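I opened my notebook today to look up a few things in one structure, step by step.

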Amino acid sequence: MRAEMEAIVDEIKQAISLLRRHLDWDQALVRLEELNALSEGPDLWNDPTKAQKLMRERQNLDDGINGVKGLEQDLSDNIELIELGEMEEDESVVTDAEEALRGLKEKVGELQLQSLLSGEADGNDTYLEIHSGAGGTESQDWANMLLRMYRRWAEKRGFKVEVVELTDGEEAGIKSATLLIKGENAYGWLKTESGVHRLVRISPYDSNARRHTSFSSAWIYPVVDDSIEIDINESDCRIDTYRASGAGGQHVNTTDSAVRITHQPTGIVVQCQSERSQHKNRATAWGMLKARLYEAELKKREEAANAEAASKTDIGWGHQIRSYVLQPYQLVKDLRTGVESTSPSDVLDGDLNKFMEALLAQRVFGGDPVEVEDIE
């Protein structure tokens, strides 16, 4: 077998090994047998919600196991064909099998990507909150740049973006914004972006053209579908109404249509001002609070996400997950994975997939966060 094919075979074997580890192979086989037995039970559909959850788990597990088995069989078959073709000096058989292995490598990559987005809420729509840090106009302008970056990323993927809340800055930019992003695996992709983002550039607001460092944060939480029950005691919540700011027409800006809900036990605050009706804004805000409480519960189960939640205490130095340097050189660097881009303009225009994929792979396939030195 030629060196190129040996390398491809080794890469496929390594990928299959990672997929097996992600599935917890032996335990997955046992669990699938249990689910198959339960799915044949006569009382299964007495509780439709529980039955749907069970069947969804069974299907996902079955797809994962059969996907890996199929890869292993295809790999074995094509290796045998190459060996047979070489023994019989049949170059056409060898060529066909080598081409099949190249296709198998792509198929493995697709299956790995699917496994990255197999979390409990990964398939859900998502809320994205952006908040400017300390620094006035500088950080507020940076928050607005982040808002545009995520909108561009979402639009490139064909996702639908709705503005739930937006508070303008005093002179430029925004103080905060909340987007509702709808699309397949929206939360699964964006959950990697929670954290503080640092910008270094020559300030357009500094008459002396000095270099400034600005911080803004992005926080992600999934839209909770009706199958997930979240109990909220209304007596634990404080509800405030206020006048909406920004564009929206005379009615929106002259009545107390905006709604803010504070969940006092957790300190979680949500707000909505996108609708003319206070009633509609209130309903949306309750949905957002439900999503935030669900996301908080998810984070309790994930150590890495707990670390991110702790970083919410300060939007500033020492808490950033990614640095974007525009001057004196051009570089974007993720401080969790070490992934870099020398084209900040592309990143700020929504080219984020490689950053997201790297962290998802780190979380799914194991390995501790790498020690990455920040950039000046």
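This is a predicted model: local features need pLDDT of at least 70, side-chain atom pairs count only at pLDDT 80 or more; totals for chains, interfaces and linings use all residues.

**Entry 1: two helices**

In what handedness of crossing does H1 pass H3? I looked it up, and the crossing of H1 past H3 is left-handed.

Then I listed who meets whom. From H1 I noted Val9, Ile12, Lys13, Ile16, Leu19, Arg20 and Leu23. On the H3 side they meet Leu61, Gly64, Ile65, Val68, Leu71, Glu72, Leu75 and Ile79. I sorted the residues of this contact by kind and got 11 nonpolar, one polar and three charged.

**Entry 2: the sheet of eight strands**

I turned to the strands. A reminder to myself: strands of a sheet pair through backbone hydrogen bonds, either parallel or antiparallel.

I found an open sheet of eight strands, in the order E2-E3-E1-E5-E4-E9-E10-E11, and its pairing is mixed. Which strands stand at the edges? They are E2 (160-168) and E11 (340-341); each has a single partner strand, so one side of each is left without a neighbour in the sheet.

I then followed E4, residues 195-202, in both directions. Towards E9 (residues 320-325) it runs parallel, joined by five bridges. I looked up two of the facing residues: His197 has Arg322 in E9 as its bridge partner, and Arg198 stands opposite Ser323 in E9. Towards E5, the pairing of E4 is antiparallel and spans eight bridges. There, Gly195 has Ala218 in E5 as its bridge partner.

Is E4 mostly covered or mostly open? I counted E4 as mostly covered, with seven of its eight residues buried.

**Entry 3: the sheet of three strands**

There is another open sheet, with three strands in the order E6-E7-E8 and antiparallel pairing. E6 (237-242) and E8 (268-272) stand at its edges with a single partner strand each, so one side of each has no neighbour in the sheet. From one strand to the next, the twist averages 15°.

How many bridges join E6 to E7? I read off six, with E7 taking up residues 258-263 and the two strands running antiparallel.

**Entry 4: helix H8**

H8 lies across E1 (126-132), E2, E3 (174-182) and E5 (211-222), running at about 95° to E5. H8 also lies across E6, E7 and E8, and its angle to E8 is about 150°.

I picked out Glu295, which has its place in H8. Is Glu295 buried or exposed? At 4% relative accessibility, Glu295 is buried. Leaving aside neighbours within four places in sequence, Glu295 is in contact with Tyr187, Ile220, Tyr221 and Pro222.

**Entry 5: two more residues**

First I looked at Val164, found in strand E2. Its relative accessible area is 4%, so Val164 is buried. Residues up to four places away in sequence not counted, Val164 touches a list that includes Tyr127, Thr178, Leu179, Gln271, Cys272, Thr284 and Met288. I also checked one distance: Val164 and Thr178 are 14 residues apart along the chain, and their C-alpha atoms are separated by 5.3 Å.

Then I went on to Gly173, in the loop between E2 and E3. Gly173 has a relative accessible area of 19%. The cut-off for buried is under 20%, so Gly173 counts as buried. Which residues is Gly173 in contact with, once neighbours within four places in sequence are left aside? I found Gln140, Asp141, Asn144 and Asp168. Gly136 is 37 residues away from Gly173 along the chain, and their C-alpha atoms are separated by 9.6 Å.

Notes. Residues are numbered from 1 along each chain as its sequence is written. Side-chain values use heavy atoms; hydrogens and water are left out. Two strands pair if DSSP finds at least two bridges between them. Helices (H or I, at least four residues) and strands (E, at least two) are DSSP runs, numbered from the N terminus. Contact means heavy atoms within 4.5 Å. Axes are lines fitted to C-alpha atoms, for helices over the stretch in contact, and angles run from 0 to 180 degrees between N-to-C directions. A crossing is left-handed if the near helix is turned anticlockwise from the far one by less than a right angle, and right-handed if clockwise. Ala, Val, Leu, Ile, Met, Phe, Trp, Tyr, Cys and Pro count as nonpolar, Asp, Glu, Lys and Arg as charged, and the others, Gly among them, as polar. Buried means under 20% relative accessible area, exposed over 50%, partly exposed in between (1.4 Å probe, protein chains only).
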